[in-house]
Amino acid sequence: MPAVFRRALAEGGAEAVVVTVLDQCLAAYAPAEWARLEAQLHALPAFSRPVKALTRLLTSRAADCALDMQGRILLPAHLRQAAGLGPEAIVVGVLNRFEVWAPEAWDSFLRESERLLEDASLDVQWPVPAASPTPPPTPPPGPPPGGHPQRKPNR
């Protein structure tokens, strides 16, 4: 497990991680991050087919995995098998989780991702930072439109 993640778990008092199958790898979450992910899933439309499928896939394959005294994750056989893990593995930190990949699957993912980026590099929609509020326009000098500056409104 990456040292940064191990330190973060220790600071949060976690003695386990939640591991699920994601794409072709295992995704490991700190318990607090997993709870946040569950809250996000709860906020989605409950009767949407894609939402139900995603929720079922993520949660049905998830397992609480204890950490040993050396900070290693004790992965159940069904998770190792689902990710095609053997004696070697690639560990990749990704935002709020880390992923465990079989080396062949990681190499394949990298090749495919590089092709996708080459094909779609101009189509990626990055979030645009919020613009700073602009002050309201100042009225031009002189009489207001519609007449004399001291003219009374028609009623």
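**Cysteines, cores and a helix pair**

C25 is buried, with a relative accessible area of 0%, and C65 is buried too, at 1%; buried here means under 20% relative accessible area with a 1.4 Å probe and protein chains only, exposed over 50%, and partly exposed in between. As for disulfides (cysteine sulfur pairs within 2.5 Å), a search of the whole structure turns up zero. The model is predicted, so local features need pLDDT of at least 70 and side-chain atom pairs count only at pLDDT 80 or more, while totals for chains, interfaces and linings use all residues. Numbering runs from 1 along each chain as its sequence is written, and side-chain values use heavy atoms, with hydrogens and water left out.

Next come the nonpolar cores, each a set of buried Ala, Val, Leu, Ile, Met, Phe, Trp, Tyr and Cys residues joined through side-chain atoms within 4.5 Å. The largest has 22 residues, and C65 is among those with the most contacts inside it, along with V17, V19, L26, L79 and L85. A second, separate core of eight residues includes V18, A27, Y29 and W34. Leaving aside residues up to four places away in sequence, V19 has contacts (heavy atoms within 4.5 Å) that include L26, A27, C65, I73 and L79.

W34 turns up again in a helix pair: together with L37 and L41 of α2, W34 meets L54, T55, L58 and T59 of α3. Helices are DSSP runs of H or I with at least four residues, numbered from the N terminus. The crossing of α2 and α3 is left-handed, that is, the near helix is turned anticlockwise from the far one by less than a right angle.

Definitions and conventions:
Helix = DSSP H or I, 4+ residues; strand = E, 2+ residues; numbered from the N terminus.
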